[in-house]
Amino acid sequence: MTPIQRPPSSNPSPITHHPSPSVTVELFGVPRLLVGARSVAATGATLADLAMDLIRQSPALAGRVLDAITGWPLDGYSFVVDEQFTRDRNLPLPPGTSVLLVASAAGG
Amino acid sequence: MISTIGGVHGRLLRVELRDNGGAGWTEPLEPAVFSDVIGGIGLASLLLLRLCPPGADPLGPDNPLIFATSPFAGTGITTSSKIAVAARSPQTGMIGDSLSSSYLALELKRTGHDALAITGTAPEWSVLVVEDGTTHLIPADGLLGLSAGETAERLRAKLGTAFRVAAIGPAGERGVRYAAIANDGRLAGRTGAGAVMGAKRLKAIAVRGSRLPRAADPRAVAALARDLAERSVGPATAKYREIGTVANVAFFNRMGMLPTRNFAGGHFAEAEAISGETLRLEHHTGRHACAACTVGCEHHYRTRDGGPETSARLEYETLFALGSLCGVSDPNVVLRASALCDELGMDAISAGGTIAWAMECRERGIDLGVPAEEIPRWGDGAALLRTLGQIGTREGIGDLLAEGSRAAAERVGQSSEEWAMHVKGLELPGYDPRKLKTLALGLAVAARGACHNRSSAYEVDLSDRLDPEVDARARAAAAAAAEDQAALLDSLTLCKFLRHALGDVHEESAALHRAVTGLPTTVDDLHAAGARIGEVKKRFNLAQGWTRALDTLPPRLLQSESSGDGSPIDPIWLDRQIDAYYAARGWDTEGRPRERERREAVATSSLRSALAQRAT
């Protein structure tokens with residue numbers, strides 16, 4: 001069996017900092033009315049990070065749509081990531097991810 | 001007789017309309033009824049099973065028209081002032097049931113009865129007056145042709161403003177099969193109860209009473225009600241207060257599930273023009289609440305196009321059915337169309353669904369028996385309004401469309417059944433089953449036909465509760481659980497908009513039920529009640545000729561050729577889901593309750609009694 005070759009260590013790469021990708025969060029219903037825009041840009045490597053940044057970017061959402069401290073959606077609101085409803089705070093958000101902030105749909 | 005349990009009278013008011021004017025009398029409702037099927041929709045369904053003979057003509061004298069309240073009505077528990085209406089549906093031939101909010105429920109309960117059942121036919125157009133324990137008919141002089149709202153206004157001016165009125169509009173008078181019954185500005189809209197009332201020659205029912213029953217533990221009820229009321233105005237219901245259900249339009253469109261042009265697709269290019277956000281900013285005039293409701297979800301809007309000013313209330317279902325489904329993008333037209341449906345007294349979902357079918361017929365060159373130019377085209381707002389008026393008066397093309405899309409397509413033929421978008425004759429609501437797979441199952445098996453409110457399975461799809469690729473068994477269990485919870489809420493007559501405000505629906509409902517009735521109700525009891533109510537409806541449908549073939553979806557959703565931009569549903573997949581649903585219910589492979597389960601698991605004294613006493 002061929003041993004796994006380690007990369008040469010004599011010339012290590014410098015440590016680089018990759019900023020979290022910017023994600024466009026599309027807003028619907030009450031979030032859109034409160035912010036006064038159809039979308040906002042926020043950054044975060046995970047959904048929880050994104051929520052934190054969202055509350056910083058859009059303080060109008062605090063306490064009404066998102067928790068004022070954590071930024072996480074209050075009962076009745078949800079994130080939809082790549083067309084799936086999710087409450088997974090650790091969900092990674094690679095570039096190009098689609099994120100919506102919506103009210104939970106019910107009735108009519 | 002005084003009921004042995006709290007919150008109810010234990011009495012049913014029976015009225016038989018006859019040539020000589022009719023008769024009214026009271027029958028006892030055994031206490032077990034209020035634990036077995038709770039009240040509201042459950043009670044109305046049980047009474048219908050008992051009183052409606054198999055094969056009764058939905059527009060004939062034997063079809064009972066039933067109004068039922070719940071133990072919670074009149075207790076101050078938020079949103080509980082709702083009345084259930086049931087009859088054999090003239091639109092589907094199956095169970096027809098609707099809920100309507102506001103004061104009528106309180107007033108009926110004040111008469112000393114929990115429910116009212118009307119059979120027979122009045123000798124002439126009449127108003128049934130119920131005042132405490134008495135009933136009599138008065139002529140409907142000067143009321144014919146009026147809207148339900150105008151009728152109520154005139155009757156209250158004549159009889160006194162303490163009376164509350166349920167009335168039909170012109171559509172009910174003319175037997176439009178999806179005519180509604182209206183009270184206090186609200187409608188029992190779906191499945192055509194207004195046509196049943198019209199067939200009995202009842203223009204209106206005026207009700208006044210003076211005594212509500214006592215709750216078993218009034219202090220506990222007050223404390224629980226106060227707590228729930230406080231939570232009912234938090235973030236969980238903010239959507240309903242701040243924008244309303246119309247908010248669904250933009251989001252559903254973004255997700256590709258906004259039914260457009262008779263379900264040809266799920267994306268409406270002009271959706272923003274009729275979105276809830278646009279309506280809120282440009283047309284909103286105010287917000288109202290039903291009696292005993294702290295949520296206050298009813299939004300009112302005004303036209304703003306320089307034409308005749310019209311005010312209307314609007315919900316998502318009205319907006320999609322009279323908007324994107326018909327290709328209409330002018331919010332002023334949708335507002336006028338909504339107001340017209342209310343004025344004529346008919347269900348906007350079925351009206352829009354049937355007109356959308358006609359629009360597609362025109363596009364495909366189908367002969368509807370009238371000149372093609374009389375059939376509206378996609379997006380033609382003026383023609384939409386004209387056609388709604390014709391339906392309400394059964395003039396021109398309106399006479400055919402007043403039958404609903406299923407019956408109209410059967411009459412017209414020419415393969416037009418392929419794009420009649422209904423289940424069991426009831427037009428689909430504004431949720432595209434091609435994108436919402438649990439709802440696809442829920443709509444296929446729902447007892448009253450394509451109804452999102454009775455199925456509620458869209459909640460499963462629009463959440464992270466279920467993996468989209470889950471197996472049939474898990475999906476069936478989720479659909480059944482959603483349906484049972486909906487049946488429970490409709491029977492407690494708690495608004496579904498409270499769902500997210502309730503920590504645990506069954507736990508909190510059990511606590512409320514114990515405090516109101518004094519019965520030792522448990523969470524398990526309420527789970528069983530939800531399932532039992534479903535079985536009552538199924539048994540009614542079986543008696544009226546239901547077979548498994550009726551548990552399906554429209555061909556357009558199942559076939560690739562005409563399914564537009566939504567992925568079609570595989571019919572084999574759907575069959576497998578239905579098999580699993582029947583198994584989850586403990587029913588046989590043909591969807592019939594097994595006798596053993598009936599005896600041992602679901603059947604109760606009140607159900608046995610209903611089956612034994614069933615009219616023949």
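Which hand does the crossing of α17(B) and α20(B) have, left or right? The crossing is right-handed, that is, the near helix is turned clockwise from the far one by less than a right angle. This is a predicted model, in which local features need pLDDT of at least 70, side-chain atom pairs count only at pLDDT 80 or more, and totals for chains, interfaces and linings use all residues. Residues are numbered from 1 along each chain as its sequence is written, and chains are lettered from A and ligands numbered from 1 in the order in which they are written.

**View 1. Helix α17 (residues 437-445) of chain B packs with α20(B).** Their axes lie 9 Å apart at an angle of about 60°. Axes are lines fitted to C-alpha atoms, for helices over the stretch in contact, and angles run from 0 to 180 degrees between N-to-C directions. α17(B) is therefore oblique to α20(B); angles under 35 degrees count as roughly parallel, over 145 as roughly antiparallel, 65 to 115 as roughly perpendicular and the rest as oblique. B:K437, B:T438, B:L441 and B:G442 of α17(B) meet residues of α20(B) including B:R475, B:A479 and B:E483. Here, contact means C-beta atoms, placed from the backbone, within 7 Å.

**View 2. Helices α7 (residues 218-231) and α21 (residues 505-517) of chain B cross at roughly 150°.** Their axes come within 8 Å. That makes α7(B) roughly antiparallel to α21(B). The crossing is left-handed. From α7(B), B:A220, B:V221 and B:L224 meet B:A511, B:L512, B:A515 and B:V516 of α21(B). Seven nonpolar residues form this contact, with no polar and no charged ones. Ala, Val, Leu, Ile, Met, Phe, Trp, Tyr, Cys and Pro count as nonpolar, Asp, Glu, Lys and Arg as charged, and the others, Gly among them, as polar.

**View 3. B:G404 sits in the loop between α15 (397-401) and α16 (405-412) of chain B.** Helices are DSSP runs (H or I, at least four residues), as are strands (E, at least two), numbered from the N terminus. B:G404 counts as buried because 28 C-beta neighbours lie inside 10 Å; the cut-off is 20 or more. Its contacts include B:Q91, B:R177 and B:Y178. B:H422 is 18 residues away from B:G404 in sequence and 9.2 Å away in space, C-alpha to C-alpha.

**View 4. Chain A meets chain B.** In this contact, 22 residues of chain A touch 31 residues of chain B. α1 (30-35), β4 (84-86) and β5 (99-103) of chain A each supply at least two residues of the chain A side. By class, that side has 10 nonpolar, six polar and six charged residues.

Terms used:
Two residues are in contact if their C-beta atoms, placed from the backbone, lie within 7 Å. A residue is buried if 20 or more other C-beta atoms lie within 10 Å of its own, exposed if 12 or fewer, and partly exposed in between; C-beta atoms are placed from the backbone. Lists of a residue's contacts leave out its neighbours within four places in sequence.
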